[in-house]
Amino acid sequence: QGSNKENRRQSSSNDKRRSRRMARDGDRRVRSRSAPARYYSKNKTDQSVSTRRASNRELPEEFFCPLTKRIMKDPVVDNDGHTYEREAIERWLRAQSSSPVTNEYLSLDMLKPNKKLKSKIYKATGKPRSRSQNSRGRSNSPGSKNSNKQKNSNRQLVDSYLHEISLNSKLSVSLDFMGICAFSYRKITFVIEVPLEQKSGFFVYSSFDGDPGTFNLSEKVDAWNNWLSNIGKQSRVSFVKAGKRTVFTLNGNERDISRREIFQKTLEYFCEMSLKL
């Protein structure tokens, strides 16, 4: 009986070792098969990105918005024939009532959809999914309500900061339903925007007449960004030429809206930089 028990133990231990060996061999086979697949998929994505960039360079200049420098999805045209991305020009006209290209008077009522250009862009780049299809897919997901709350949290936070700043100053600022507000400080118009996308932070814009080259703006922007990083700020400044005007932008990092004092200081720094320009 004792010898039988020992034989059973030995056979069971052998079976365990054999099963472990088979599992290890199976993992190695899976790894050896999956490694080329991963390499192929990575190369495939790299190629697709490079081809996309190359195709963007080949597209005509009229496909790109003069404000965002990106391919337009919803182009609108003014009375002078200049076309912009709807979202970008609406944001611009909240800050000033002039064309970014000609500097002449321009209002939202003077903009019309550019259907011909829109169809050209769709034919050249491929028509994207409609907003209704995207919304259907998102609404069916169980966590859609929670994601919307998370997206709105940054707007609610910034709006509460702006309310506190208004109570302690002469300014009266608050975000509208699109997450945008405009205010004037020492004859300069500033626009604050808080996008819905998560981890997108916030944006502050100001603009002025003139060529950035005459002001050595690129050198100043580099110096200001170095200074911001040295004092522990995650936000960065940049500029873009839009017709006869130059748009000066603060790309506010999400960490810089963690507390009201940090947000207010970052906003004050940008206002000071704009005044110097």
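Me: In what order do the strands of the open sheet of five strands lie?

Reply: This is a predicted model, in which local features need pLDDT of at least 70, side-chain atom pairs count only at pLDDT 80 or more, and totals for chains, interfaces and linings use all residues. Residues are numbered from 1 along each chain as its sequence is written, and side-chain values use heavy atoms, with hydrogens and water left out. Helices (H or I, at least four residues) and strands (E, at least two) are DSSP runs numbered from the N terminus, and two strands pair if DSSP finds at least two bridges between them. On that basis the pairing in the open sheet of five strands is antiparallel, and the order is 4-5-6-8-7.

Me: Which strands are the edge strands of that sheet, and what is the average twist from one strand to the next?

Reply: Each edge strand pairs on one side only, and the two in question are strand 4 (180-185) and strand 7. Axes are lines fitted to C-alpha atoms, for helices over the stretch in contact, and angles run from 0 to 180 degrees between N-to-C directions. From one strand to the next, the twist averages 25 degrees.

Me: What angle does the direction of helix 2 make with that of strand 5, where helix 2 packs on the sheet?

Reply: Helix 2 touches strand 4, strand 5 (188-193), strand 6, strand 7 and strand 8, where contact means heavy atoms within 4.5 Å. Its direction and that of strand 5 make an angle of about 140 degrees.

Me: At what angle to strand 6 does helix 7 run?

Reply: Helix 7 has 17 residues and reaches 24 Å from its first C-alpha to its last, close to the 24 Å expected at 1.5 Å a residue, the expected span being 1.5 Å times one less than the number of residues. Helix 7 lies across strand 4, strand 5, strand 6, strand 7 and strand 8, and its angle to strand 6 is about 10 degrees.

Me: Why is strand 8 described as largely enclosed, and how many of its residues are buried?

Reply: A residue is buried under 20% relative accessible area, exposed over 50% and partly exposed in between (1.4 Å probe, protein chains only). Strand 8 pairs in the antiparallel sense with strand 6 over eight bridges and with strand 7 over seven bridges. The strand is largely enclosed by the rest of the structure because its buried residues number seven of the eight.

Me: Which residue in the turn between strand 7 and strand 8 has a positive phi?

Reply: Bridges of this pair include Val237 with Leu250 and Phe239 with Phe248. Strand 7 and strand 8 form a hairpin with two residues between them, and the residue in the turn whose phi is positive, at about 70 degrees, is Gly243.

Me: Why do the buried residues of helix 6 line one face, and within what arc do they fall?

Reply: Helix 6 (residues 217-230) has Leu217, Val221, Trp224, Asn225 and Leu228 as its buried residues. Seen down the axis, with the arc taken from the directions from the helix axis to the C-beta atoms, these residues line one face because they fall within an arc of 100 degrees.

Me: Which elements do the buried residues of helix 6 pack against?

Reply: On the other side of helix 6, Glu219 and Asn230 are exposed. The buried residues instead pack against strand 6 (202-209), strand 7 (236-242), strand 8 (245-252) and helix 7 (260-276).

Me: In the open sheet of three strands, which are the edge strands?

Reply: The three strands have the order 2-1-3, with antiparallel pairing. Each edge strand pairs on one side only, and the two are strand 2 (83-85) and strand 3 (112-113).

Me: Which residue in strand 2 stands opposite Pro75?

Reply: Strand 1 (residues 75-77) and strand 2 pair in the antiparallel sense over three bridges. Helix 2 (residues 86-95) lies across strand 1, strand 2 and strand 3, running at about 95 degrees to strand 2. The residue opposite Pro75 is Glu85.

Me: Are Cys181 and Cys271 buried or exposed, and how many disulfides does the structure hold?

Reply: Cys181 counts as buried because its relative accessibility is 5%, and Cys271 counts as buried because its relative accessibility is 8%. With a disulfide defined as a pair of cysteine sulfur atoms within 2.5 Å, the number of disulfides in the structure is zero.
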